[in-house]
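The stops below each begin with something to select.

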Amino acid sequence: MNANTTTLLVIGGGPGGYVAAIRAGQLGIPTTLIESSSLGGTCLNVGCIPSKALIHAADEYEKTTRYEDGSALGIAVQNSSIDLAQTTRWKDGIVARMTGGVAGLLKKSGVTVIQGHANIIDGKTVEVVREGEAPQRIGCQQLLIATGSYATELPFMPFGGKVISATEALSPSSVPKRLVVVGAGYIGLELGIAYRKLGAHVSVVEAQDNVLPAYDTDLTKAVANSLRGLDVELHLGCSVLGMNDGGDAVRVRGASGDEFELPAEQVLVAVGRRPRTAGFGLEALMIDMAGQFIKVDDQCRTSMRGVWAIGDVTGEPMLAHRAMAQGEMVAEIIAGKKRHFMPAAIPAVCFTDPELVVVGMTPQEAKQAGMDCIDALFPFSANGRSLTLESKDGFVRVVARRDNHLIVGWQAVGKSVSELSAAFSQSLEMGATLEDIGGTIHAHPTLGEAIQEAALRALGHALHI
């Protein structure tokens, strides 16, 4: 059995794991990263990046179909079509460029990357298994678990055949005539909208009474209206019972207890994700757990000295940028720096149509926390840049303390508002007040002007409404 040693051993090459490894390498820490599949994890390979590529392609194609009857812009298109095979090749090219970039960065930082399946022997030893080769044992001083998460499977509707997860949905060979989406969270709606724009008839089944049930209904109202405008069938307050006997429809129980069937050529199950805590010997460590997640402190330390965990495996929010921030922090702590994971806020973005952003507290959350806050919104219908983008729906909303005007939250819904998330997060991290934002010159014409106007409106003197 081959053996070697390293200072830091990272299990998992997703956003959290590879960022931790790169930063550790930059800091001169001997680092080894083990990845059983492709570098970049779910995010780069079958999640964030390919889904946004598919969403963009669907958006562009849907524009051409709308322009077949002419448009206010004077654009007319005849006989629009899409070559899904080429779309997939384009999407895969982006993924390959991103994962190749990660490999290059790891190499540049001096990180040793091992392709294989990791199995934890103890807190200082990991065995790597590769097909056709003898197992390799690696000793380490510090062990970082960054194994991510996987799509939740319904026990009565397992993945396979017509029932697919987001992974399969991101590489379609054809567009199904009828797609049933189980779950109206961000994954289900992002892909459901994309498939509808590609030409599928889409039905969405959600157990809660609203789409995007984890979000403020003031924000999700615009998304629900868009879904109806796209002729997406919404079955809210309903539960899925499984496939019918013929396997060509999904059985659904309605809010009133009635049962009906939704014809389906494919069924996308998007009911959440589960942490990947099994299959690599985690039980050998006997570390403390927080339910299904690994329990960590504000430095991402587990209950065992020298063992760390980051990303989805440590709990909500399961977001790539959270994992990245945690990974960078762990590397710096191991290098002797003083760090704690205490972000003022972690932005959450839904790439639906329209997009939705939440950073910090909503008005309801502030009230529940016992805070006396004011809030104000500025509609995009009064924003010039938004109108030039053929978008007048949505708004930017700010939440701030009444006594000192400290901003505690931002929300936005509208076209391309995901790009405002950095400004929102930065204002909270820097402890900005309404006066700070209101007094900052924002470029014209941009969507960002709505940020300034929302702050001014909270102060009682918005200029353009």
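Start with residue Val202: leaving aside neighbours within four places in sequence, Val202 is in contact (heavy atoms within 4.5 Å) with Leu179, Val181, Gly192, Tyr195, Arg196, Asp231, Val232 and Glu233. This is a predicted model, in which local features need pLDDT of at least 70 and side-chain atom pairs count only at pLDDT 80 or more, while totals for chains, interfaces and linings use all residues. Residues are numbered from 1 along each chain as its sequence is written, and side-chain values use heavy atoms, with hydrogens and water left out.

Helices (H or I, at least four residues) and strands (E, at least two) are DSSP runs, numbered from the N terminus.

**Helix H3 and its two partners**

Select H3 with H6. Their axes are 8 Å apart and the helices pack at an angle of about 35°; axes are lines fitted to C-alpha atoms, for helices over the stretch in contact, and angles run from 0 to 180 degrees between N-to-C directions. The crossing of H3 and H6 is left-handed, meaning that the near helix is turned anticlockwise from the far one by less than a right angle, whereas clockwise would be right-handed. On the H3 side, the contact includes Leu54, Ile55, Ala58 and Tyr61, and on the H6 side it includes Leu191, Ala194 and Tyr195. The contact residues of H3 and H6 divide into seven nonpolar, one polar and five charged. In this count Ala, Val, Leu, Ile, Met, Phe, Trp, Tyr, Cys and Pro are nonpolar, Asp, Glu, Lys and Arg are charged, and the others, Gly among them, are polar.

Ile49, Pro50, Ala53, His56 and Ala57 of H3 meet Thr87, Trp90, Lys91, Ile94, Val95 and Met98 of H4. The residues of the H3 and H4 contact comprise eight nonpolar, two polar and one charged.

**The five-strand sheet**

In which order do the strands of the open five-strand sheet run? Select them as E20-E21-E24-E23-E22, with antiparallel pairing; two strands pair if DSSP finds at least two bridges between them. E20 and E22 stand at the edges with a single partner strand each, so one side of each has no neighbour in the sheet. Neighbouring strands are turned by 10° against each other on average, direction ignored.

Within this sheet, E21 and strand E24 (residues 407-414) are joined by six bridges, with Glu355 opposite Gly414 in E24.

Go to Phe293 in strand E18 (residues 293-294). Phe293 is buried, at 14% relative accessible area. Its C-alpha atom is separated by 6.4 Å from that of Pro275, 18 residues apart along the chain. Beyond four places in sequence, the contacts of Phe293 include Pro275, Val313, Glu316 and Met318. From Glu316, step to Pro317: a cis peptide bond joins the two, with omega about -5°. Pro317 is in the loop between strand E19 (307-309) and helix H8 (320-334).

**Two positive phi angles**

Finish with Met286 and Cys300. Is each of them buried or exposed? Met286, not a glycine, has a positive phi of about 50° and is exposed, with a relative accessible area of 73%. Cys300, also not a glycine, has a positive phi of about 65° and is buried, at 1%. Cys300 lies in the loop between E18 and E19.

Note on methods:
Buried < 20%, exposed > 50% of the residue type's maximum accessible area, 1.4 Å probe, protein only.
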